[in-house]
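Please look at the sequence and the 3D structure shown here. The paragraphs after them go through the structure part by part.

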Amino acid sequence: MRAVLLASACVLASVSLPAMAEPVADTVARDLPGLMETYRDLHANPELSFQEVRSAKIMADAARKAGFTVTEKVGRTGIVAVLKNGPGPTILIRADMDGLPVIEQTGLPFASNRRGTSTAGVESGIMHACGHDTHMTAWIETARLMAARKAEWSGTLVMIGQPAEEMGLGALEMLKDGLYTRFPKPDYTLAFHDTPELAAGVVGAAKGWALANVDSVDMLVRGVGGHGAYPQTTRDPIVLASAIVMKLQTLVSRETNPLDPVVVTVGSFHAGTKHNIISDQAKLELTVRSYSDETRQRLLDGIARVARGEAIASGLPDDLMPQIQVKEPHTRATWNTPEFAEEAVADLKGKMGADNVVITPSAMGGEDFGEFRRADEAHIKSVIFWVGGADPAKLAAAKAGGPPMPSLHSPFWAPQADKVIASGAQALTLTALRLMAKQGM
């Protein structure tokens with residue numbers, strides 16, 4: 001009788017316990033050949049901001065095939081794919097889709113030769129010089145993995161293909177188009193971005209500030225023009241603008257706490273038409289980078305103060321004071337919820353290997369992913385991962401003083417895409433599965 005009871009118990013156990021799922025890494029490895037075909041297609045056919053029609057369709061079709069309910073043309077060219085799977089948290093996973101107006105010089109056999117015209121009317125080559133093609137491909141695999149593993153989790157998954165990240169406008173456009181009213185509002189938001197600063201396949205995340213506020217500032221410095229032989233009759237705007245450029249750096253070196261990183265860059269300086277003519281104006285274009293909103297405002301106020309002060313010192317009247325325009329909307333800083341980022345890194349270390357997951361420093365680049373958290377800061381926790389795309393040997397050589405790695409937006413940037421896609425998909429999937437894990441599994 002005891003043997004019968006034991007046998008019955010074994011049968012019941014085998015019925016009630018789910019079969020062990022294949023490790024996520026093994027599934028990704030098996031899927032990788034097909035994913036690389038998708039990647040090469042996306043890489044060869046990039047689309048500029050708010051023109052990502054073909055890219056969005058590839059993602060939408062893949063999500064529908066996996067079982068998601070998909071809505072297209074959200075925020076102009078964005079997509080939203082929803083998979084409801086019982087009670088539990090809502091997780092938003094984002095991939096950005098747009099390419100850049102860059103002529104590709106990687107030499108890849110599937111390099112882009114596409115050309116197009118931006119929303120600003122500029123015709124150029126187009127390239128995925130920021131790696132968004134790897135983001136989209138990993139997003140597709142994440143959608144498939146999560147749909148195939150519905151028995152392991154409970155909650156709602158919202159996966160979005162975001163347009164126009166390179167313009168800093170796509171996230172706001174999707175929110176404006178009802179992302180959090182037409183679709184479930186998330187408790188957590190996840191994304192990743194490839195980087196040449198980590199070895200291929202290594203995953204990292206910053207705690208706290210991940211990426212910076214980025215402001216574009218136009219400055220028109222005016223003066224009194226005249227003949228180069230008679231400078232005493234003029235007020236030279238080039239000399240004035242040069243003084244402003246130099247003085248602006250004191251906002252960084254003498255007016256900002258050294259532990260509060262900021263960057264003020266004058267990226268463009270245009271003035272004059274001829275050797276012997278003193279111009280009556282100079283045009284400057286600046287980018288201003290910061291983390292906190294308070295520091296940002298102090299920098300912008302300081303730029304206006306410096307420009308006016310130098311103009312007064314140059315003897316200009318009030319009606320010729322410099323004119324300053326801060327472009328809006330600006331790209332706002334991205335914040336990784338510290339405890340969430342720390343938990344995610346610790347969990348991924350255990351699942352992907354301690355040497356393959358790291359805490360990274362904050363970066364001064366800009367990303368509009370942070371808008372998805374800022375829309376409800378009190379409720380939403382957020383993290384954006386970095387996923388390394390650099391050849392380890394080349395990265396080590398660069399750190400030792402050898403040839404530098406191509407940066408993001410470089411026409412030579414060609415990440416080790418298979419490693420980026422595999423690690424990106426694993427990081428997103430494993431984190432989502434942990435957040436929505438069914439009790440007792």
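In which sense do strand β1 and strand β2 pair, and over how many bridges? Strand β1 (residues 69-74) and strand β2 (residues 78-85) pair in the antiparallel sense, over five bridges. Two strands pair if DSSP finds at least two bridges between them. Helices (H or I, at least four residues) and strands (E, at least two) are DSSP runs, numbered from the N terminus. Glu-72 stands opposite Ile-79 in β2. The hairpin of β1 and β2 has three residues between the strands, and Gly-75 takes a positive phi near 65° there.

Some notes on the model come next. It is a predicted model, in which local features need pLDDT of at least 70, side-chain atom pairs count only at pLDDT 80 or more, and totals for chains, interfaces and linings use all residues. Residues are numbered from 1 along each chain as its sequence is written, and side-chain values use heavy atoms, with hydrogens and water left out.

The chain as a whole has eleven helices and 18 strands. Its C-alpha trace spans about 115 × 50 × 45 Å along the principal axes. Of the 441 residues, 49% count as buried; buried means under 20% relative accessible area, exposed means over 50%, and partly exposed lies in between (1.4 Å probe, protein chains only). Among contacts (heavy atoms within 4.5 Å) with a separation of 6 or more, 82% are between residues 24 or more positions apart.

Now turn to a sheet. Four strands form an open sheet in the order β12-β14-β10-β15, with antiparallel pairing. The edge strands, β12 (263-271) and β15 (323-326), each pair on one side only. Neighbouring strands of this sheet are turned by 20° against each other on average, direction ignored. Within the sheet, β12 and strand β14 (residues 281-290) pair over eight bridges in the antiparallel sense, and Val-263 stands opposite Arg-289 in β14. In a regular strand the side chains alternate between the two faces of the sheet. Helix α6 (residues 237-253) lies across β10 (213-222), β12 and β14, and runs at about 175° to β12. Such angles run from 0 to 180 degrees between N-to-C directions, and the axes are lines fitted to C-alpha atoms, for helices over the stretch in contact.

Rings are the next topic. The whole structure holds five aromatic pairs. Rings of Phe, Tyr and Trp (its six-membered ring) pair if their centres lie within 6.5 Å; planes under 30 degrees apart count as stacked, over 60 as edge-to-face and the rest as tilted. Tyr-188 and Phe-340 form a tilted pair, 5.1 Å centre to centre with 55° between the planes. This pair links distant parts of the chain: Tyr-188 is in strand β7 (residues 188-199) and Phe-340 is in helix α8 (residues 338-352), 152 residues apart. Both Tyr-188 and Phe-340 are buried. Elsewhere, ring pairs link Trp-209, Tyr-291 and Trp-335 into a cluster.

His-135 is in helix α4 (residues 132-148). Is His-135 buried or exposed? His-135 counts as buried because its relative accessible area is 1%. Not counting residues up to four places away in sequence, His-135 touches Ala-95, Asp-96, Cys-130, Phe-192, His-193 and Asp-194. Helix α11 (residues 417-435) is mostly covered, with 16 of its 19 residues buried.
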